[in-house]
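Here are my notes on this model, as numbered points. Please read them with the structure open.

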Amino acid sequence: EYSTVIPETITWEGEIATVKIPTFDIGYSQANVSKLMGEAMKAKGVILDLRSNGGGRVINLQHLAGFFLDTQAEPMGTFVGRQNLVAYEKETGKAGASIKEIAEFTKAKVRAAKASTGPYRGPVSVLINGGSGSASEMMAAGLREQRGAYLVGSRSAGAVLASVMAPIAEVKGYTLQLPLLDYVTIKGHRLEGNGLVPDAEAPIARFGETDKAVVTATNWLKSKAK
């Protein structure tokens with residue numbers, strides 16, 4: 001029996017918990033994440049490791065976000081598509097609006113799901129790198145803007161367009177990926193093509209080396225937990 005699924009994990013450094021989420025895609029286990037976050041609730045600080053997490057399903061992002069953000073009071077951002085543009089132009093009579101203006105106009109926001117434990121209210125640090133994309137960037141941005149989370153690592157991928165993929169019938173072996181929606185954070189930052197710049201730079205540790213990102217995040221959390 002063989003599986004390529006990498007499970008979510010929790011590790012401890014004293015009273016600091018590091019929760020690693022490898023993906024928000026099909027390998028994401030809501031049951032396992034709920035269990036781990038239940039344990040993390042007692043921590044003095046939480047490190048959320050989203051390095052090399054390329055994203056995945058928004059429903060899984062919302063599930064994890066529920067353990068950190070209030071469903072109503074702390075929205076994460078706005079998906080913006082053609083329908084939002086048409087609605088904006090029809091109601092305001094204006095054309096050529098920026099994506100930020102359309103996002104502010106759009107009432108529907110991406111929100112956390114309601115978690116059984118309630119949101120964690122201790123200090124949070126998020127680890128990101130160039131492989132952190134899509135839902136990972138949305139999560140990290142939401143925690144930074146709503147909870148003051150400290151981002152450590154390197155600039156994220158800047159790849160958040162929601163899209164569909166379909167095979168091209170006329171050309172065997174080729175698939176068309178069509179973007180449908182853009183995304184703007186609740187404070188107006190367009191992640192696509194920009195990504196997230198961390199508060200502290202830290203390289204990925206090679207085998208046997210000390211993980212400087214974890215050390216940096218741990219030290220920051222300890223300073224906040226005093």
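1. Charge. The protein carries 26 positive and 22 negative charges, and their mean positions lie 4 Å apart. Bear in mind that this is a predicted model.

2. Overall size. Along the principal axes, the C-alpha atoms fill a box of roughly 55 × 45 × 35 Å.

3. Composition and burial. The protein has six helices and nine strands. Of its 226 residues, 44% are buried. The accessible surface is about 12100 Å², and carbon and sulfur atoms supply 54% of that area.

4. Contact range. Take the contacts in the protein with a separation of 6 or more. Residues 24 or more positions apart account for 76% of them.

5. Strand 8. Strand 8 (residues 175–185) runs antiparallel to strand 4 (residues 77–80), with four bridges between them. Here Phe 79 has Tyr 183 of strand 8 as its bridge partner. Strand 8 also pairs with strand 7 (residues 162–167), again in the antiparallel sense, over six bridges. In strand 8, Leu 181 stands opposite Ala 162.

6. Helix 2. Which residues of helix 2 are buried? They are Asn 60, Leu 61, His 63, Leu 64 and Ala 65. These buried residues pack against helix 1 (30–40), strand 3 and helix 5.

7. Positive phi. Most residues other than glycine have a negative phi. Ser 52 has a positive phi, near 60°. Its place is the loop between strand 3 (45–49) and helix 2 (58–65). Ser 134 also has a positive phi, near 55°. Ser 134 sits in the loop between strand 5 (124–128) and helix 5 (135–147).

8. Gly 130. The loop between strand 5 and helix 5 also holds Gly 130. The C-alpha atoms of Gly 130 and Arg 155 are 5.7 Å apart, although 25 residues separate the two along the chain.

Notes. Residues are numbered from 1 along each chain as its sequence is written. This is a predicted model: local features need pLDDT of at least 70, side-chain atom pairs count only at pLDDT 80 or more; totals for chains, interfaces and linings use all residues. Side-chain values use heavy atoms; hydrogens and water are left out. Helices (H or I, at least four residues) and strands (E, at least two) are DSSP runs, numbered from the N terminus. Two strands pair if DSSP finds at least two bridges between them. Buried means under 20% relative accessible area, exposed over 50%, partly exposed in between (1.4 Å probe, protein chains only). Contact means heavy atoms within 4.5 Å. Accessible areas come from the Shrake-Rupley method with a 1.4 Å probe; for residues, only the protein chains shown count as cover. Lys and Arg count as positive and Asp and Glu as negative; His and the chain ends are not counted. The place of a charge is taken as NZ of Lys, CZ of Arg, CG of Asp or CD of Glu.
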